[in-house]
Amino acid sequence: MSQRALRCALLACAVASLTCAGQVAAAEAAEPLEPLVLWHAYGDGEAEALRQVLAAFEAAHPGERVHAVRLPFGVLASRLESAVPTGNGPDLFIDAHERLGRYIPRGIVQPLDPSADPDWDATVAQLEPQHVEALRRDGRLYGLPLSAKAVALFINRALVPEGGAPPAGLEAMLRRPLPQGVWPLAIEGEDTYFVAPIFHAFGAKLFEDGRYGLARDGEADPRAVQALERLAGFFRDGLIPPEPSGELVTRLFGGGQAAYAISGPWLAASLPADLDVRVIPLPGLEGAGPMRPFVTVEAIFRAGADAGAEASPAHDVRVAALAGFLAGEESAVLRATVARQVVSHRGAWERFTPDATMLAFRDAARGGVVMPGDARMSQVFEPTTRAIRAVVRGGVDPAVALAEAEARFDDAVRALPEAHDPSLALVLLGALLFIGAVVAVRRSLRAEVRRSLALSLPAWRYVAASFFAVLLLVITPLVVGAAMSLFATDGSEFRYVGLTHYVDILSARGGDLLGQGSFWRVLLVTVVWTALNLLLHVAIGVSLALLLHRPVLRLRAVYRVLLILPWAVPSYVTALSWKGMFHSQYGAVNALLAAVGVEPVHWFSRFGTAFAANITTNVWLGFPFMMVVALGALSAIPKELYEAARVDGASSWQQLRHITLPLLWPPLLPAVAMGAVWTFNMFNVVFLVSGGEPGGSTEILVSEAYRWAFTRGARYGYAAAYAVLIFGILWLGTRSRLVSRAMQ
Amino acid sequence: MKRLVPVAVHAALLSATLFALYPVLWVLATALSGAPMRSGRVLPWPEQPTLRHFADVLFRDDAIFFTQLANSLFIAAFTALVAVAIAAPAAYAMARFEFVGKRASLRSLLATQMFPGVAAAIPLYLILDFLNLLDTRTGLILVYGSTVVPFAIFQLRTAFEAIPVDLEEAAMVDGATRAQAFFRVVLPAARPALAVTTLFAFMTAWNEFILAATFLSAESRLTLPVVLQRYVGEHSANWAAFSAGATLVTIPVMALFFWLQRHLVAGLNAGGVKG
């Protein structure tokens with residue numbers, strides 16, 4: 001921290017001494033202020049621009065200090081939601097405008113109060129009106145826009161020489177003759193955000209009046225159906241590579257293997273310098289309108305204050321001054337020139353010479369559709385992406401897929417359950433506690449119990465530290481988490497709902513008990529998942545251990561270290577590596593299959609193959625642990641047993657069957673029991689490899705719980721009920737005789 | 001026939017090793033590529049090999065990577081230390097004493113492993129806030145340490161049970177107290193199992209990022225997995241830097257593995273003898 005502050009201070013001094021040397025002296029004399037804290041999740045280029053902007057701010061405002069904290073993108077929202085209400089939040093943060101709908105009811109953000117700043121109206125007037133509007137709710141301005149992001153069309157000029165007027169529609173462009181092995185268009189064509197321009201071209205809306213836009217009351221919007229048919233045609237005609245990820249788009253377009261790409265400014269930043277690229281706003285589609293992308297406005301927000309904080313006008317002025325400066329002209333010029341942001345400050349564009357790419361992104365944003373700011377909009381993405389995949393991968397009828405997406409959306413945004421009266425539960429809880437206390441007191445009065453308590457005293461001394469640590473930092477959070485399953489919250493409201501969540505989950509909320517996504521079906525998948533994984537972990541682990549245990553084996557140490565590697569590399573990296581290897585066209589697995597003459601497999605299009613991909617990954621991750629345990633168990637078997645067997649003329653097969661395996665099994669059991677519990681809750685692999693595809697069928701219980709907690713509208717209570725049910729199942733499962741013998 | 005067996009053994013081990021290595025080599029190839037890798041390869045070979053991404057990850061922002069590496073090492077090492085220090089006596093008591101609450105404790109310890117962490121993050125945040133330990137290394141060490149304790153107790157308990165009671169009794173006959181016997185006789189005899197538990201605790205803390213990203217703010221206090229996650233944005237990801245960082249993160253763990261591997265086998269063995 002001090003290093004960073006020092007660097008900021010040095011930069012500030014450098015800038016200041018060039019521009020306003022007099023103020024530096026004033027800064028030294030001024031009273032030191034508590035630094036303003038600013039959270040953001042910018043990537044490298046934008047973070048560097050922000051650093052320069054903040055240095056300029058500190059130089060222009062003597063005595064002022066800003067402490068910027070850079071968080072991983074995926075963490076910012078949940079971090080704000082736990083930090084702001086407890087008074088640990090920042091003063092300001094930078095985020096996308098569409099999060100406002102979620103942040104306002106939770107008190108994560110408060111309006112920026114302009115009254116104290118005389119230049120405020122002038123600052124706001126300079127900002128792109130469309131962007132400012134995106135930040136207004138109920139007549140109040142909640143943030144100042146910094147920049148806008150929207151996708152545009154990238155053209156590789158080496159592959160598409162420009163002669164004459166560019167063709168009118170996208171289709172005409174994509175039909176141009178191209179060299180062998182070059183894709184016409186690289187786009188994340190299964191992702192709602194990137195497909196949205198196609199829906200918009202046909203006049204369909206993803207979200208309207210607080211409801212799902214692409215289907216209404218089970219009836220798909222015909223325009224949306226047309227859009228999906230067009231998209232599916234692109235895939236079918238080989239215009240778009242299959243199973244496209246952001247990484248594949250970058251790889252194909254950056255490697256000269258795609259003529260066009262539809263992506264945002266982030267793609268421009270990761271292309272090789274020698275690639276001759278032109279960017280233009282998205283063209284139209286044949287027989288439809290222009291492809292209008294979603295526009296995201298990135299803005300500076302003022303974080304909400306916790307209830308206990310007292311109002312401080314001086315603080316308000318400081319916050320407003322920083323927000324105004326960040327959105328202002330000087331900052332905009334820096335952000336545009338250093339990070340090539342499409343800045344919202346209109347005057348700033350006169351202060352530098354924007355290149356064609358930046359102008360294209362500006363036009364793309366101006367012609368786009370501002371992302372709806374309603375909190376429910378965020379629930380559009382998962383169902384729609386699933387529908388798109390079902391259509392382009394599985395050949396499902398678009399009308400059916402969209403109707404299903406609407407049902408999923410409605411399910412995710414459904415109203416909170418009715419509040420229940422907690423008095424009955426409180427009475428029950430009180431009675432239980434009372435009975436427990438009475439029993440405990442009466443028991444402790446019995447002489448033999450008191451004697452055994454006294455005898456336990458020395459043992460308790462050994463156990464005390466563990467007891468308190470686990471009680472405070474493991475059991476308490478789990479119990480509180482479990483208790484959350486009795487409550488429902490949408491951020492602003494917190495209500496007791498009794499066992500409603502359990503009833504909802506176990507009854508599949510009135511739907512088919514074995515239908516897609518129902519608890520019972522996911523449980524079935526989870527059980528099969530756990531059993532298959534364990535079986536393979538043990539089989540592979542034990543076989544390898546037996547091989548490694550042979551008395552004479554060259555390179556034993558080398559094998560042992562290399563075979564342990566899957567355990568040592570962080571699993572969130574290797575799981576992604578496996579996902580890439582299962583790509584239907586570019587994955588190494590299909591390339592290997594092709595070498596032996598097997599047709600390419602679309603791994604994530606069918607349940608069986610997607611499940612197999614998950615299992616392969618998890619077996620890879622988990623076999624080294626079993627191998628090591630088995631190796632240990634093997635070396636504990638007394639050698640005399642084998643000698644005696646050999647004397648009796650037992651074959652090596654008989655030795656294996658009658659000595660090795662029976663003696664191997666008991667010490668392996670605790671590891672198998674632990675392994676079963678861990679595999680049951682192995683969230684990483686399912687989430688990163690198949691992501692639940694196709695259509696959520698490969699989800700397991702714990703990944704379902706994560707989705708309800710984090711991607712489906714933060715229903716923590718519902719997710720907690722899942723967690724408790726998982727706990728209950730495992731508890732019952734491990735009470736079986738076999739396991740309890742192993743654990744004793 | 002006799003000749004063929006070693007060949008078959010090596011063939012089997014070799015193919016298993018290839019299976020283990022292949023995805024890791026892809027990560028390495030991505031880290032070493034100076035240009036986007038051309039699609040559709042079978043061999044994980046880098047495109048325009050370069051060490052640039054490693055240099056980027058290591059030396060960006062005045063080489064703050066080394067500060068963060070030091071944090072990760074510090075947190076992982078102390079997690080292991082704290083976990084073993086508090087779990088070992090408890091495991092010893094579980095192995096050698098009969099006391100009120102023993103069975104319930106063992107059951108609860110197993111139970112803690114069954115509850116998915118998804119519901120515990122927010123309460124944990126509130127507890128650390130209450131203890132004023134947010135954004136501190138101490139807070140993270142305590143949390144990781146406690147998380148590892150249940151597994152550590154199980155692991156060490158089986159190891160202690162496998163050590164003959166005669167050893168301690170002999171020491172106590174010679175005038176040692178119970179505690180002295182534990183420290184001077186039992187702990188040294190269980191050194192392999194202690195090594196395994198240490199390794200397990202170290203790895204848990206070393207690779208964890210969700211809690212670390214939730215509790216830590218200051219750049220100079222971050223751990224490496226959190227820093228790595230920042231290479232992944234909403235729509236874009238710097239895979240080369242991510243892979244280079246992942247490779248760098250793996251090296252210390254591999255070194256530890258290599259150093260501990262003999263103990264590792266013997267240690268889990270000692271932990272597993274008693275079924």
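# Exercises on a two-chain predicted model

A:Leu153 stands opposite A:Ile262 in β14(A). Let us start from that pair. This is a predicted model, in which local features need pLDDT of at least 70 and side-chain atom pairs count only at pLDDT 80 or more, while totals for chains, interfaces and linings use all residues. Residues are numbered from 1 along each chain as its sequence is written, with chains lettered from A and ligands numbered from 1 in the order in which they are written.

## Exercise 1: a sheet in chain A

*Step 1.* Write down the order. Strands are DSSP runs of E with at least two residues, helices are runs of H or I with at least four, and both are numbered from the N terminus. Two strands pair if DSSP finds at least two bridges between them.

*Step 2.* Look to either side of β8(A). Four bridges join β8(A) to β14(A), and the two run antiparallel. Strand β8 (residues 152-156) also pairs with β15(A) in the antiparallel sense, over four bridges. On that side, A:Phe154 faces A:Val279, and A:Ile155 has A:Arg278 as its bridge partner.

*Step 3.* Check the surroundings. Five of the five residues of β8(A) are buried, so the strand is largely enclosed by the rest of the structure. Here, buried means that 20 or more other C-beta atoms, placed from the backbone, lie within 10 Å of the residue's own; exposed means 12 or fewer, and partly exposed is in between.

## Exercise 2: the make-up of chain B

Describe the elements and domains of chain B.

*Step 1.* Count the elements: chain B has eleven helices and zero strands.

*Step 2.* Note the burial: of its 275 residues, 51% are buried. The C-alpha atoms fill a box of roughly 70 × 70 × 30 Å along the principal axes.

*Step 3.* The domain assignment (automatic or from a database) gives domain 1 (1-50) and domain 2 (63-272) of chain B. Five residues from domain 1 and six residues from domain 2 take part in their contact, where contact means C-beta atoms, placed from the backbone, within 7 Å.

## Exercise 3: where the chains meet

Which helix of chain A gives the largest share of the side that touches chain B?

*Step 1.* Size the contact: 102 residues come from chain A and 92 residues from chain B.

*Step 2.* Name the helix. Helix α19 (residues 447-483) of chain A supplies the largest share, 21 residues.

*Step 3.* Sort chain A's side by class: 72 residues are nonpolar, 23 polar and seven charged. Ala, Val, Leu, Ile, Met, Phe, Trp, Tyr, Cys and Pro count as nonpolar, Asp, Glu, Lys and Arg as charged, and the others, Gly among them, as polar.

*Step 4.* Finish with one residue. Leaving aside neighbours within four places in sequence, A:Ala719 is in contact with A:Ala705, A:Trp708, A:Ala709, B:Val118 and B:Ala119.

Note on methods: Two residues are in contact if their C-beta atoms, placed from the backbone, lie within 7 Å.
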